[in-house]
Amino acid sequence: MPKHYRPPGKKKEGNAARYITRSQAVKHLQVSLPVFRRLCILKGIFPREPKKKVKGNHHTYYHTKDILFLKHEPLLEKFRDIRAYDKKVKKALSKKNRDLAERLLTRKPDYTLDMLIRERYPSFIDALRDLDDCLTMIHLFAALPAVEREKIQVKRIHNCRRLSHEWQAYISRTHKLRKTFISVKGIYYQVEVEGQKVTWLTPHALQQVVPEGVDYNIMLTFLEFYETLLAFVNFKLYHSINVKYPPILDPRLEALAADLYALARFIDANSKVPALESQSVSSSGSEQAEAQQKGSELDESELRLAQLQHQLPSNEPGALMHLMENASGEEEDDEETRECKALFKNTKFFLSREVPRESMLFVIPAFGGVVSWEGEGAPFDESDQSITHQIVDRPTQGRRFLSREYVQPQWVYDSVNARIILPVEEYLVGRVPPPHLSPFVDNEAEGYVPEYAETIRRLQVAARKEVLPMPGLGKEDLDDPQNLLAEGIISRTEAIEAAEKKQKMSFLQKQYLDELKMELDGVQYSAGPSANKQNSAEETKAGEESLPESQQEAEDAANLSTVLMSRKKRKLLEAMQIGNKRKKDHVGLLKERKKNIDAKKSG
């Protein structure tokens, strides 16, 4: 008998030992199914797909090590204590023992998710990489109404709004915003924090309807974890710029629903704290004694609120332009951040009441602009003569100022994506604006470049004082079509067209060089037109004869590369060719639509 022989049935091996079904896991942990789902969400444990499903295809499988990992989780004991506590309260109320029920309500067990955040994200970069869904979920609940029957509480909504505004205030003040796009679902934002790109979706500022048929218990469990995660991230980011966390807002601005502007003022006030501390060190001894006596009378929160109210007694117009210059340990901005910071420099915006205020208060200061709005708590009024742009979204205006431009909100987002201040003629009030192009789409890779994208590209080149390449020339002309065909980048037809194009370009280049040589030798232009014409005719004929050879070479290379491929790679190549054909057909359809639209406009 072999040394490691095990009789059948004594111990499970393979997939039977490596995976466990959900019902077996619930029975093993001795918890209910909702508690098991909650534990899996908080711990980041997800179902697996084994190659061989021992119990059948209709079961959900988990890894056995993950279930053993849950078995020793301290949070599981907390959930059991909460379940026992709920039973005690229910029993006391059923027996009409009010005193016992009230005493039990004061001793409700509580738990925190701080240890789970440190466990799942050992470094800060790991937390930033997993922040996309977190920000989308928190911004979604910040826009939802409170619904008691779905357990969406008002306190939860306010906490989500606070966390989202703290995140937006940091991004806006450090100029980390890179892309934005308005879609039917909402507004997409992309930022770059410590080298990590974070993208999230914010709903439109409209009345949200809570749909039925959605399991909000699972969403609230995710939200509970994401709230703790974003609080940790905001704490780290605020301390990286020497700003205290959590911030204390101006109660007057908070009551006017100007939380984002109040946060910007708080960051600006706290950025001046190091300078004030250095001044207090150089003060006289009597003044220091007075300051200590006053500090002993106020607790920490009152002192911070007093600093906020005394350092910024009124709404300063330039409060959003300060960049925490006095903050110690601030790293130098990279080139992209400096470009974003200077986009709306020396520009002053005013928002009409129909414009989405929160989005504009987030985007415009992130690119160096100063912004105000119509209503109480605004930094400056509409009658300010230094306003350069007024954002409006209705066709008629009560009064107009000749010293400013009246543009639609899309102009701000398109200028941000293009990184240049676009001409305002296409975005004037009452006009149909140009198409809003997505910055997340690579037009070159898709194979179709919209007309307005070409216009923006020319404006970018003109703004940077660059020179566009000659029409018909590009980087692809320098590449060998046979190599591109062998690598699967282009199809056989495209390779043949590229070979013909390359042959013609080389012929024209040779002809141009010959003409230059004739000019250098002193040959008159009229002296040799017939010879030049004869030579060009011969070379053209030779070039035409060489074109079929290049086509044959491209076809032979394609056939040879296909024959040498394995079956798996050949199937993959066929799938890639089908995808390229679909993309080409889609591009042709877009061009046909554009042609029809132009024909209707001209007709």
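User: Which residue in strand 4 is the bridge partner of Leu177?

Analyst: This is a predicted model, in which local features need pLDDT of at least 70, side-chain atom pairs count only at pLDDT 80 or more, and totals for chains, interfaces and linings use all residues. Residues are numbered from 1 along each chain as its sequence is written, and side-chain values use heavy atoms, with hydrogens and water left out. Helices (H or I, at least four residues) and strands (E, at least two) are DSSP runs, numbered from the N terminus, and two strands pair if DSSP finds at least two bridges between them. Strand 3 (residues 177-182) runs antiparallel to strand 4, with 5 bridges, and the bridge partner of Leu177 in strand 4 is Val191.

User: How many residues of strand 4 are buried?

Analyst: Buried means under 20% relative accessible area, exposed means over 50%, and partly exposed lies in between (1.4 Å probe, protein chains only). Strand 4 (residues 187-193) is mostly covered, and of its 7 residues the number buried is 5.

User: What is the order of the strands in the open sheet with parallel pairing?

Analyst: In general, strands of a sheet pair through backbone hydrogen bonds, either parallel or antiparallel. Strand 8 (residues 389-391) and strand 9 run parallel and are joined by 3 bridges; here His389 stands opposite Glu405 in strand 9. The open sheet has 4 strands and parallel pairing, in the order 7-6-8-9.

User: Which helix packs on this sheet?

Analyst: Contact means heavy atoms within 4.5 Å. Axes are lines fitted to C-alpha atoms, for helices over the stretch in contact, and angles run from 0 to 180 degrees between N-to-C directions. A helix of residues 357-366 touches strand 6 (348-351), strand 7 and strand 8, and its direction makes about 165 degrees with that of strand 7. The helix that packs on the sheet is helix 18.

User: Which helix gives the most to the lining of the second largest pocket?

Analyst: On a 1 Å grid over the protein atoms alone, a pocket is an open set of points where a 1.4 Å probe fits, with protein on both sides within 12 Å along at least five of seven lines, and lining residues have an atom within 4 Å of a point. The second largest pocket holds about 1600 Å³ of space, a volume being the space filled by probe spheres set on the points. Its lining has 34 residues, and those closest to its centre include Arg38 and Glu224. With 7 residues, the element that gives the most is helix 11.
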